Amino acid sequence: MKTLTSILLTTAIYLSINSFAQKAELCQGAYFTEAEGKAFLDSHVPASKLAWETRAQKIKAQIRAGMELETIPAKPKSTPIIHSKRTMDGYTIENVAFESLPGVYVTGNLYRPIKKQKSYAGILCPHGHGENPHGRFREQTQKRCATLARMGAVVFVLDMVGQGDAKQTEHKFSKALKLNTIDNIRALDFLISQPGVDPERIGVTGESGGGTQTFLLAALDPRVKVSAPTVMVSAHFFGGCVCESGMPIHKKGDFQTNNVEIAALTAPRPMLLTSDGGDWTKNTPEVEFPFIQNIYSLYGKNSEVENVHLAEEKHDYGPSKRKAMYIFMTKHLNLDIKAVSDAQGNIDENPSKVLDQKDLEVFNAAHPRPANAVMGDEAVLKLL
């Protein structure tokens, strides 16, 4: 009979080996060189729609296995917290929190158009990394959410794990990728539940790390009908943060994929790739876009995927990138771009006001964090 000491030692060795194997399978940052990224895509061009769909199933299975999400946790039945409604120029903003897991709160802001419509498109806006201020409070994030609402969409922007009001864990905790994904799925639930939102007109768009969230959510959740992952889809760069590549979603043993193949899982649903000359998307017109366009051609849907490349720009979700997204979302979600255009037809974001962080925060002295909130990395990891 084994002694308790030997059992504990065997268990510790197993866990150590398993942890080492998982770390060895992580594909982080510039895991490939640019040449290796292109060569990988060149060697994985599918010969037929059947060949692609067979591989697509393997890619999806590895994403789910790698982030330990073969089964989605049950949706909590608690009522969302919604407060501090503000009426702006053509839209309203509310501060929102709801549970994605028991005691784990998704936090963000809900933007609604004032103009009444028979139905509304719904757009989810995950944000990228950024300081001064964090994520959803940044000008580029507020501007796009407010402008999309002025165009007639109901818009929800949520905090990345560990940022904004979502301070129940550190941002760079080991399973941030898994929790971000669960949060995004539950955020879609919340968005689709809003009065008048048409479940067949659901879009998602985010930049950088929010771009990773965008193409992962579109790959895993068919409720996403239109997507616009901005400045992120790259053949050689796999995401530089643990929240993007901190779990083994790209590699297992001899199996390997990359973010271009993952983004291609969106096909044949409409997708806009916005790229620039100042980051890892600089090769998109010659490398990433042709590969993805080929996937769409297998469905006879070449026109449903587009690339806007801004060679002189850098890594952000600036005005020209937002303009490209507004045009694309208008085309595929039936929005009213004239509502945000001036007499010359130029998009005018001036009525989309940038508010102070304190105005948009969900939790404060008047609205404290719920008593059941689970605090700390270790406690949240137990739930996951």
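Modeller: Let's start in the loop between β6 and α6 (209-220), where S208 sits. Keep in mind that this is a predicted model.

Colleague: Okay. What is phi of S208 near?

Modeller: Phi of S208 is near 55°, which is positive in a residue other than glycine. S208 also counts as buried, because its relative accessibility is 11%, and the cut-off for buried is under 20%.

Colleague: Which loop holds V231?

Modeller: V231 is in the loop that links β7 to α7 (242-245). Its phi is near 45°, again a positive value in a residue that isn't glycine. V231 is buried too, at a relative accessible area of 0%.

Colleague: Now the backbone at P268. Is the peptide bond from A267 to P268 cis or trans?

Modeller: The A267 to P268 bond is cis, and omega is near 5°. You'll find P268 in the loop between α8 (259-264) and β10.

Colleague: Let's go to a charged residue. Is R201 buried or exposed?

Modeller: R201, which belongs to strand β6 (residues 197-207), is buried and has no salt bridge. A salt bridge needs the two charged groups within 4 Å, whereas D198, the nearest side chain of opposite charge, is 4.4 Å away. What R201 does have is a 3.1 Å polar contact between its side chain and that of S119.

Colleague: Which residues does R201 touch, leaving out those up to four places away in sequence?

Modeller: Among them are S119, Y120, K225, L333 and N334. L333 brings us to helix α10, which spans residues 319-333.

Colleague: How do I read a helix like that?

Modeller: In an α-helix there are 3.6 residues a turn, so residues three or four places apart point the same way. In this model, the buried residues of α10 include K321, A324, M325, F328 and M329. The cover over the buried residues includes α4 (139-150), β6 and β11 (305-310). Just after α10, N334 takes a positive phi of about 60°.

Colleague: Last one: how many disulfides are found in the whole structure?

Modeller: A disulfide is a covalent bond between the sulfur atoms of two cysteines. Searching the whole structure turns up 0 disulfides. C241 is in none, and its nearest cysteine sulfur, on C243, is 3.6 Å away. For comparison, the cut-off is 2.5 Å. C241 is buried at 5% relative accessibility, and C243 is buried at 3%.

Definitions and conventions: Residues are numbered from 1 along each chain as its sequence is written. This is a predicted model: local features need pLDDT of at least 70, side-chain atom pairs count only at pLDDT 80 or more; totals for chains, interfaces and linings use all residues. Side-chain values use heavy atoms; hydrogens and water are left out. Helices (H or I, at least four residues) and strands (E, at least two) are DSSP runs, numbered from the N terminus. Buried means under 20% relative accessible area, exposed over 50%, partly exposed in between (1.4 Å probe, protein chains only). Lys and Arg count as positive and Asp and Glu as negative; His and the chain ends are not counted. A polar contact is a pair of N or O atoms within 3.5 Å; within protein, one must be able to donate a hydrogen and the other to accept it, and residues adjacent in sequence count only if both atoms are side-chain atoms. Contact means heavy atoms within 4.5 Å. The expected span of a helix is 1.5 Å times one less than its number of residues.
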